[in-house]
Amino acid sequence: NLVKSSISMYENGKRKPSFEVLEAVADYFNVNLDSLYGAKGVFIPSLKKVPMLGYAAAGQPLENLDGQDTYYVETNSKYEVDFCITVRGDSMINAGINDGDIVFVKSQPEVPNGKIACVEIDNEKVCIKRFYKTNSGVTLISENPKYTPLQFNAETCDDFKILGLAIIKQSEID
């Protein structure tokens, strides 16, 4: 339900509609979202499709569900992102990442110590944690004191892969 004041702000360029609003407008008028591009009075930025990888644990690692959903980010955004994940759990709450949040990730094979990384463990479990590389392996630290650090090395897991650097939450893009 859009109120007249919101529509007025969109028309006057004082506020830009979120992707969800644009989707709702397209659904309401039974038109393709692409047909809204260039519509009079509607500012729609150039968008990039970002695939939803699935779920990532902020707690104990969860299985990757390889979701088919896609989300959109502005191509001229200061954030370079390649995919997004839906967070499950409460281990990253002190970093402002809560259960159900969508976190956008920039694909990269390495992450600096102390940054929040999206990692895959044993080719099936994806989690989001603060990342630290040590001499003996990798330590993943939660941002909730009720969780102990997770340590991985050649003896504790068969495969450990950094998927990328967590860049921003969806709520900070809108």
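Begin by selecting D27 and Y28 of helix 2, two exposed residues in this predicted model. Next, select F19, V21, L22 and A26, which are the buried residues of helix 2 (residues 19–28). Then move to N30, which follows helix 2 and has a positive phi, near 55°.

The tour now turns to charged pairs. Side chains of opposite charge can pair when their charged atoms come close. The model contains three salt bridges.

Select E80 and K106, whose side chains meet in a salt bridge of 3.6 Å, N to O. E80 sits in the loop between strand 3 (70–74) and strand 4 (83–88), while K106 belongs to strand 5 (residues 102–107), 26 residues apart. E80 counts as exposed, at 55% relative accessibility, whereas K106 is partly exposed, at 26%.

Proceed to K146 and D90, where the closest N and O atoms of the salt bridge are 3.0 Å apart. This pair links distant parts of the chain: K146 is in the loop between strand 8 (137–141) and strand 9 (150–152), and D90 in the loop between strand 4 and strand 5.

Finally, select R130 and E143, a salt bridge with its closest N and O atoms 2.5 Å apart. Because R130 lies in strand 7 (residues 125–134) and E143 in the loop between strand 8 and strand 9, the pair ties together parts 13 residues apart in sequence. Are these two residues buried or exposed? Both R130 and E143 are buried.

Conventions: Residues numbered from 1 in each chain as written. Predicted model: local features only at pLDDT ≥ 70, side-chain atom pairs only at ≥ 80, totals over all residues. Heavy atoms only, no water. Buried < 20%, exposed > 50% of the residue type's maximum accessible area, 1.4 Å probe, protein only. Helix = DSSP H or I, 4+ residues; strand = E, 2+ residues; numbered from the N terminus. Salt bridge = Lys/Arg side-chain N within 4 Å of Asp/Glu carboxyl O.
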